Amino acid sequence: MGVRSARPQTLHLPGLLFLVVFYRKNQKRSRSHTNQLLYKSFQQQRFMADEQNTADTVDSANLSIRRSGKEKPTKAQSEVDPHIYQMDFPCVGICLIINNKNFLPQSGMSSRNGTEKDGAAVKKTFENLGYKIIEHNDLTRREMEEQLKKVSMEDHEKNASFVCVILSHGDEGEIYGTDGPVKFDLLTRYFKGNNCRKLLGKPKLFFIQACRGTDLDEGADVVDGAGDSTTHRIPVEADFLYAYATAPGFFAWRNSGEGSWFIQSLCEILNNHSDLELMQIMTRVNRRVAYDYESYNPRMRQLHQKKEIPCIVSMLTKEFYFTKDV
């Protein structure tokens with residue numbers, strides 16, 4: 001046993017015919033049984049994490065359990081180039097601006113002097129891009145949620161996108177109303193794909209000027225060298241972009257006379273280069289903030305010569321251009 005014979009072995013014809021017939025009769029049953037085993041394996045892998053973290057995903061190419069059916073495509077998904085968000089809607093979209101300057105004593109926060117400069121710059125910039133502006137100042141936590149919910153319930157069918165700009169105090173994962181902090185994801189949930197169907201498949205852009213912690217960036221010296229018509233099921237978190245003034249855990253800088261580094265840079269780049277793709281725009285914003293700004297406070301050494309770098313979190317699924325003619 002176990003030793004392979006060197007002599008050639010002959011398979012008799014009756015035996016071969018029997019195997020073919022047996023295979024054909026059992027092929028359908030075997031395929032069904034295999035799918036059942038695959039589905040069982042898939043379920044087990046969903047709920048059981050591999051100890052070495054090597055089998056925590058399932059290759060969808062090997063499973064045919066369920067496919068998304070063909071449905072009538074939305075306008076945002078059916079135009080010529082599937083890699084670019086379409087902007088040829090009657091309206092570019094709504095730009096909601098929440099600008100919190102004055103805070104109640106119980107919040108423990110000071111006034112945000114200079115934020116009026118940011119608010120004015122944002123309003124002018126996005127008006128020039130064709131957005132319908134909705135502006136609110138000094139909102140409490142509850143009022144912020146109410147306004148975001150209200151805007152999410154508007155009819156966005158004729159809108160190409162949505163923009164929200166929040167100017168306030170903050171911490172990691174939190175934005176301050178005038179009376180205290182609220183979780184950021186509580187504010188954005190109203191625009192998820194399962195809550196705001198009219199913006200499904202359309203870009204939703206959030207620009208956040210707020211601290212994300214108290215760390216200060218010391219900086220470091222560097223030498224600078226020279227049409228598919230099928231409607232697909234998409235994640236509810238898809239088509240969002242969150243542009244934060246600073247990296248997680250860090251302080252966001254604002255000048256009381258000129259406004260914040262991030263918002264002023266964003267507006268300047270948009271005013272001069274709105275024809276660029278959004279990630280190109282945000283990269284230029286990052287560079288401007290990183291290279292052109294530095295705090296100056298020699299009387300307080302802990303706040304002197306500090307830097308800032310914006311942080312872009314993108315779940316966009318296409319390229320985005322503010323202009324229609326792409």
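This note goes through the sheets, the helix packing and a few single residues of a predicted model.

1. Ground rules. Because the model is predicted, local features need pLDDT of at least 70 and side-chain atom pairs count only at pLDDT 80 or more, while totals for chains, interfaces and linings use all residues. Residues are numbered from 1 along each chain as its sequence is written, and side-chain values use heavy atoms, with hydrogens and water left out. Helices (H or I, at least four residues) and strands (E, at least two) are DSSP runs, numbered from the N terminus.

2. The six-stranded sheet. Six strands make an open sheet with mixed pairing, in the order β2-β1-β3-β7-β8-β11; two strands pair if DSSP finds at least two bridges between them. The edges are taken by β2 (132-137) and β11 (311-314), each of which has a single partner strand, so one side of each is left without a neighbour in the sheet. On average, and with direction ignored, neighbouring strands of this sheet are turned by 10° against each other.

3. Strand β1 and its partners. Eight of the nine residues of β1 are buried, so this strand is mostly covered; buried means under 20% relative accessible area, exposed over 50%, and partly exposed in between, with a 1.4 Å probe and protein chains only. β1 runs parallel to β3 and is joined to β3 by eight bridges, and β1 also pairs with β2 in the parallel sense, over six bridges. Residue I98 illustrates both pairings, with I166 as its bridge partner in β3 and H136 as its bridge partner in β2.

4. Strand β8 (residues 240-244) and β11 run antiparallel and are joined by four bridges, with Y244 standing opposite C311 in β11. Helix α4 (residues 141-152) packs on the sheet, where it touches β1 (91-99), β2 and β3 (159-167), and its direction makes about 175° with that of β1. Contact here means heavy atoms within 4.5 Å, and angles run from 0 to 180 degrees between N-to-C directions, with axes being lines fitted to C-alpha atoms, for helices over the stretch in contact.

5. The three-stranded sheet. Another open sheet has three strands in the order β4-β5-β6, with antiparallel pairing. Here β4 (170-171) and β6 (180-183) stand at the edges with a single partner strand each, so one side of each is left without a neighbour in the sheet. Strand β5 (residues 174-177) runs antiparallel to β6 and is joined to β6 by four bridges, and the partner of E174 in β6 is K183.

6. Helices α6 and α7. Helix α6 (residues 261-273) packs against helix α7 (residues 278-292) at an angle of about 135°, with the axes 9 Å apart. That angle makes α6 oblique to α7, given that angles under 35 degrees count as roughly parallel, over 145 as roughly antiparallel, 65 to 115 as roughly perpendicular and the rest as oblique. The residues in this contact divide into nine nonpolar, two polar and three charged, where Ala, Val, Leu, Ile, Met, Phe, Trp, Tyr, Cys and Pro count as nonpolar, Asp, Glu, Lys and Arg as charged, and the others, Gly among them, as polar.

7. Helices α3 and α6. Helix α3 (residues 115-128) packs with α6 at an angle of about 20°, with their axes 9 Å apart, and the two are therefore roughly parallel to each other. The α3 side of the contact includes K117, D118 and A121, and the α6 side includes I263, Q264 and C267. By class, this contact has six nonpolar, three polar and two charged residues.

8. Two residues with positive phi. D138 has a phi near 50° and lies in the loop between β2 and α4, whereas D239 has a phi near 70° and lies in the loop between β7 (204-209) and β8. D138 counts as partly exposed at 28% relative accessibility, while D239 counts as buried at 1%.

9. Residue E154. This residue sits in the loop between α4 and β3 and is partly exposed, with a relative accessible area of 28%. Not counting residues up to four places away in sequence, E154 touches I94, K132 and I134. The C-alpha atoms of E154 and C196 are separated by 9.1 Å, although the two residues are 42 residues apart along the chain.
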